[in-house]
Amino acid sequence: MQALLRVRQRGDPSARIAARGHTACMIREPACRMNFKNLREYLNWLYYQYLLITGIYVLEPWEKSIFNSVLFSAIGMVIYTSYVFVPIHVQQALEFFSGISSGQPESTMALMN
């Protein structure tokens, strides 16, 4: 820790001591984490990454809007369907498997008596 303070006191501009509750360590500012000035810049960066990953940066604006609307509609339908129908199917599966594991009568004659 004292060696880090000495490096800091000597004026090494690339060395910094991590603050805000982190352990003291020498870090280099660009390699440590990405600094975004505000939320808008971060969202713009995410949108740019989305454009690069999907490859829609080469499309015309009207093609982008059609692609985005189809994509987000499909994602919305998958989320809605999962929210509505998955609990029903899980409940039916649990009922089915609990019926299999419970003690069943040996014959159908036992059910009639």
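**Entry 1: a cut-off to keep at hand**

I call a residue buried when its relative accessible area is under 20%, exposed when it is over 50%, and partly exposed in between. I am looking at a predicted model, so I keep that in mind throughout. My first look-up was Trp45: its relative accessible area is 31%, so I wrote it down as partly exposed.

**Entry 2: the overall plan**

Next I stepped back to see the whole chain. I found five helices and two strands. Following the sequence, I read the pattern as α-β-β-α-α-α-α.

How much of the protein is buried? I noted that buried residues account for 7% of the 113 residues. The protein exposes about 10,200 Å², and carbon and sulfur atoms supply 63% of that area.

I also looked up how far apart in sequence the contacting residues are. Taking contacts between residues at least 6 apart, I found that 0% join residues at least 24 apart.

**Entry 3**

Helix H3 covers residues 39–54, and Leu46 lies in it. Tyr42 and Trp45 are both in helix H3 too, three residues apart, which is about one turn of the helix.

Which residues form a nonpolar patch on the surface? I listed Leu39, Tyr42, Leu43, Trp45 and Leu46. Together they have about 450 Å² of accessible area.

I then checked some members one by one. Tyr42 has 32% relative accessibility, so it counts as partly exposed. Leu46 comes to 36%, so I put it down as partly exposed as well.

**Entry 4: aromatic rings**

A handy reminder for myself: a pair of aromatic rings is described by the distance of the centres and the angle of the planes.

How many aromatic pairs are there? I noted a count of four. One of them is Tyr42 with Trp45, a stacked pair with 6.2 Å centre to centre and 25 degrees between the planes. I needed the cut-off here: planes under 30 degrees apart count as stacked, so 25 degrees qualifies.

Both partners of that pair lie in helix H3. Phe96 and Phe97 make an edge-to-face pair, 5.2 Å centre to centre, with 70 degrees between the planes.

Are Phe96 and Phe97 buried or exposed? Phe96 has 52% relative accessibility, so it counts as exposed. Phe97 has 54%, so it is exposed too.

I also found a cluster: ring pairs link Tyr47, Tyr50 and Phe72.

**Entry 5: a buried asparagine**

My last stop was Asn68, which lies in helix H4, residues 61–101. Its relative accessible area is 14%, so Asn68 is buried.

What does Asn68 touch, leaving aside its neighbours within four places in sequence? I found Tyr50 and Ile56. The side chains of Asn68 and Tyr50 are joined by a polar contact of 2.5 Å.

Terms used. Residues are numbered from 1 along each chain as its sequence is written. This is a predicted model: local features need pLDDT of at least 70, side-chain atom pairs count only at pLDDT 80 or more; totals for chains, interfaces and linings use all residues. Side-chain values use heavy atoms; hydrogens and water are left out. Helices (H or I, at least four residues) and strands (E, at least two) are DSSP runs, numbered from the N terminus. Buried means under 20% relative accessible area, exposed over 50%, partly exposed in between (1.4 Å probe, protein chains only). Contact means heavy atoms within 4.5 Å. Accessible areas come from the Shrake-Rupley method with a 1.4 Å probe; for residues, only the protein chains shown count as cover. Patches are made of residues with over 30% relative accessible area and no salt bridge: like charges are joined within 9 Å, nonpolar side chains (Val, Leu, Ile, Met, Phe, Trp, Tyr) within 5 Å. A salt bridge is a side-chain nitrogen of Lys or Arg within 4 Å of a carboxyl oxygen of Asp or Glu. A polar contact is a pair of N or O atoms within 3.5 Å; within protein, one must be able to donate a hydrogen and the other to accept it, and residues adjacent in sequence count only if both atoms are side-chain atoms. Rings of Phe, Tyr and Trp (its six-membered ring) pair if their centres lie within 6.5 Å; planes under 30 degrees apart count as stacked, over 60 as edge-to-face and the rest as tilted.
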